[in-house]
Amino acid sequence: MKKFILLFVLTIVSCSSESEDSNANSNTTEKKILSIEIIEDNDLCIEGYNYSYSYDNDNLTLATGQYYLSSCLSQGWTEWEYNEPFNTEYQYFSDKIVVSNFGNSVGVDEVYFDDNGHITGMSSWGNLGDYQIIFDNGYVSKYGVFDFEWQDGNIIRVDNNQNSNSYVYTYSNISNKTSFILRPLLFSYSSIGENIPLYSYGLCGEKSSKLPISQTQYLNNETVVFNYDYILDDEGYPIYININETSDYNNENYERDYTMKLTYTN
């Protein structure tokens, strides 16, 4: 049976304009993300979370998420559906970020980091075990069961050494001016919007310096290819991202196109 629902993940982001070739990793005047949402369209057969954000000075302190389920005529879903919004709060300290109600669950988690600002653990992990984290000159090379390969300041491959899944990326020449696109592990979170405050804070080290033009996921019973095309604002930030997705899930091919909208503030 064809997989009609695929949780939207933020890593599937790239662009078409071949301009803006400077590296913006150290940009201190970087715009702040205000919202991320999938634009409604007919029969997308996807689900995920839209997010909006609030700030206290430069720190992102509140993420408001809302689950959506798109129309999918083959499954009998003729209208888009939305759940009630929920809030995740973030408090910042010298050695940790305290996250309240993460993932719409009641409770508090603490995310610890070292003097370099790199993540060292979370209170929910207990025995770290598979959550070993290794950085190499500011670039994460291992995060739990995931091994990262970098080239010219970009993640080009991620391997899951537990289940043999892998993720391969190709890039444009366009500088990544955001603080959150293609941070390590962004490919695996269906509720990635809640993690943007942690990634924007730099807990996982350096991001990819360029914006990717494709991502290929090699999974156990499926190969998924994402190709990206987007519209940039006058300062080179992506504001509309058109995503083409193809898959051969269980030897059945499907293809779909959808658009993500991003808004920012200074």
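## Charges over aromatic rings

A charge is taken to sit over a ring if NZ of Lys or CZ of Arg is within 6 Å of the ring centre and within 35 degrees of the ring normal. In this predicted model, the charged end of Lys 96 meets that description over the ring of Phe 93, at 5.7 Å from its centre. Lys 32 likewise lies over the face of Tyr 55, 6.0 Å from the ring centre.

## Confidence of the model

The protein chain has a mean pLDDT of 82, with 83% of its residues at 70 or more. Among the elements of the chain, strand E4 (residues 81-82) has the highest mean pLDDT, 96, and helix H1 (residues 196-200) the lowest, 85.

Two segments call for caution. Over residues 1-27, pLDDT stays under 50, and the model has 112 contacts beyond four places in sequence for this stretch. Residues 187-191 also stay under 50, with 18 such contacts. Where pLDDT is low, the predicted coordinates should not be read in detail.

## Aromatic pairs

The count of aromatic pairs comes to 12. One of them joins Tyr 51 and Phe 86, whose ring centres are 6.3 Å apart and whose planes stand at 90°, so the pair is edge-to-face. This pair links distant parts of the chain, 35 residues apart: Tyr 51 belongs to strand E2 (residues 47-56) and Phe 86 to strand E5 (residues 86-92). Both residues are buried.

Tyr 92 and Tyr 201 form a tilted pair, with 5.1 Å from centre to centre and 40° between the planes. Tyr 92 lies in strand E5, whereas Tyr 201 lies in the loop between H1 and strand E14 (210-219), so the pair ties together parts 109 residues apart in sequence. Tyr 92 counts as buried at 19% relative accessibility, under the 20% limit; Tyr 201, at 36%, counts as partly exposed.

## Positive phi in loops

Ser 164 is not a glycine, yet has a positive phi of about 70°. Its position is the loop between strand E12 (154-160) and strand E13 (166-175). With a relative accessibility of 65%, Ser 164 counts as exposed.

Asn 251, also a residue other than glycine, has a positive phi near 65°. Asn 251 is found in the loop between strand E16 (238-247) and strand E17 (254-265), and is exposed, with a relative accessible area of 75%.

Notes
Residues are numbered from 1 along each chain as its sequence is written. This is a predicted model: local features need pLDDT of at least 70, side-chain atom pairs count only at pLDDT 80 or more; totals for chains, interfaces and linings use all residues. Side-chain values use heavy atoms; hydrogens and water are left out. Helices (H or I, at least four residues) and strands (E, at least two) are DSSP runs, numbered from the N terminus. Buried means under 20% relative accessible area, exposed over 50%, partly exposed in between (1.4 Å probe, protein chains only). pLDDT is the predictor's confidence in each residue, from 0 to 100. Contact means heavy atoms within 4.5 Å. Rings of Phe, Tyr and Trp (its six-membered ring) pair if their centres lie within 6.5 Å; planes under 30 degrees apart count as stacked, over 60 as edge-to-face and the rest as tilted.
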